[in-house]
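Keep the sequence and the 3D view side by side.

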Amino acid sequence: LNMQNSGTWMDLPGGARLWRLRLETPRALATTLLFDEFQLPEGSRLHIYNDERTSMIGAFSAFNNEDGGTFATQIVFGEACTLEYFEPAGTSTAAVLEISHIGHCYRNVYPPNYKDASRGGSQSCEVDINCNPEGNNWQDEKRGVLGMSIATNFGSSWCTASLVNNTSLDCKNYILSAMHCTESSTTNNFGEYVVYMNYASTGCGSGNVTTNQTVTGGAVREDSD
């Protein structure tokens, strides 16, 4: 799906334009979008939201253009999402948006019910980091915990990871995860990874998990064959 074969264009006063495309996957808890091509011109903006507009991400801009052209979005809660692209007047370069897949999230989506083991949530023996006293001595370390939406040629799934430093102690943006999380991904798939920062419940046995602090795309620097 792209801006030439899908969606609708609307002319706005002053020469600006608006493009919208609604996508639905019934009974999904949330949706994500994977792009083969993602290039936005300077000054343009892209928002993505659910039907109720209670879950919205963006604005995406030229700042989000990846070197490889691929891209992916964090989750939008609900079974449908709408892309809304704003093109300001006088834009000389056309946006290129090529949607290759829509992700139908059917479990492990937080919130709601993140403690519900039947939906892929944590077990009763697992303790939230903000529980007292078990989590008291781990408040610095929790800031490095990441949720990771991984992409492969046959679908998407969840893994966790951690921020790590290096021997230069220069805070280079490295993360460490398990080999089984990434072994089915191709080089292009890594551009569609979405990493969720500060991945922790806000409470003890309740609360929400942050989903709006994300980084998209990455590359493998080393693995354990």
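**Strands and buried residues**

Q: Is serine 149 buried or exposed?
A: This is a predicted model. Serine 149 has a relative accessible area of 13%. Buried means under 20%. So serine 149 is buried.

Q: Which residues does serine 149 touch, not counting residues up to four places away in sequence?
A: Start with the place: serine 149 is found in strand β10. Residues up to four places away in sequence are set aside. What serine 149 then touches is Ser157, Trp158, Glu192, Tyr193, Val194 and Tyr196.

Q: In which strand is threonine 152?
A: Look at residues 145–152. They make up a strand, and threonine 152 has its place there. The strand is β10.

Q: Does threonine 152 count as buried or exposed?
A: The relative accessibility of threonine 152 is 12%. The cut-off for buried is under 20%. Therefore threonine 152 counts as buried.

Q: With which residues is threonine 152 in contact, leaving aside its neighbours within four places in sequence?
A: Contact means heavy atoms within 4.5 Å. Neighbours of threonine 152 within four places in sequence are left out. The contacts are Ser184, Ser185 and Asn189.

Q: How many Å apart in space are threonine 152 and phenylalanine 86, C-alpha to C-alpha?
A: In sequence, 66 residues separate threonine 152 from phenylalanine 86. In space, the C-alpha to C-alpha separation is 30 Å.

Q: Why does leucine 18 count as buried?
A: Leucine 18 sits in strand β2, residues 17–24. Buried means under 20% relative accessible area. Leucine 18 counts as buried because its relative accessibility is 10%.

Q: Which residues does leucine 18 touch, not counting residues up to four places away in sequence?
A: Residues up to four places away from leucine 18 are skipped. That leaves Thr8, Trp9, Met10, Leu12, Glu84, Tyr85 and Phe86.

Q: Which strands are the edge strands of the open sheet?
A: The sheet has 5 strands in the order β1-β2-β8-β4-β5, with antiparallel pairing. An edge strand here pairs on one side only. The edge strands are β1 (8–11) and β5 (56–60).

Q: How many bridges join β2 to strand β8?
A: Strand β8 covers residues 80–87. It runs antiparallel to β2. The number of bridges joining them is 8.

Terms used. Residues numbered from 1 in each chain as written. Predicted model: local features only at pLDDT ≥ 70, side-chain atom pairs only at ≥ 80, totals over all residues. Heavy atoms only, no water. Helix = DSSP H or I, 4+ residues; strand = E, 2+ residues; numbered from the N terminus. Buried < 20%, exposed > 50% of the residue type's maximum accessible area, 1.4 Å probe, protein only. Pairing = 2+ DSSP bridges.
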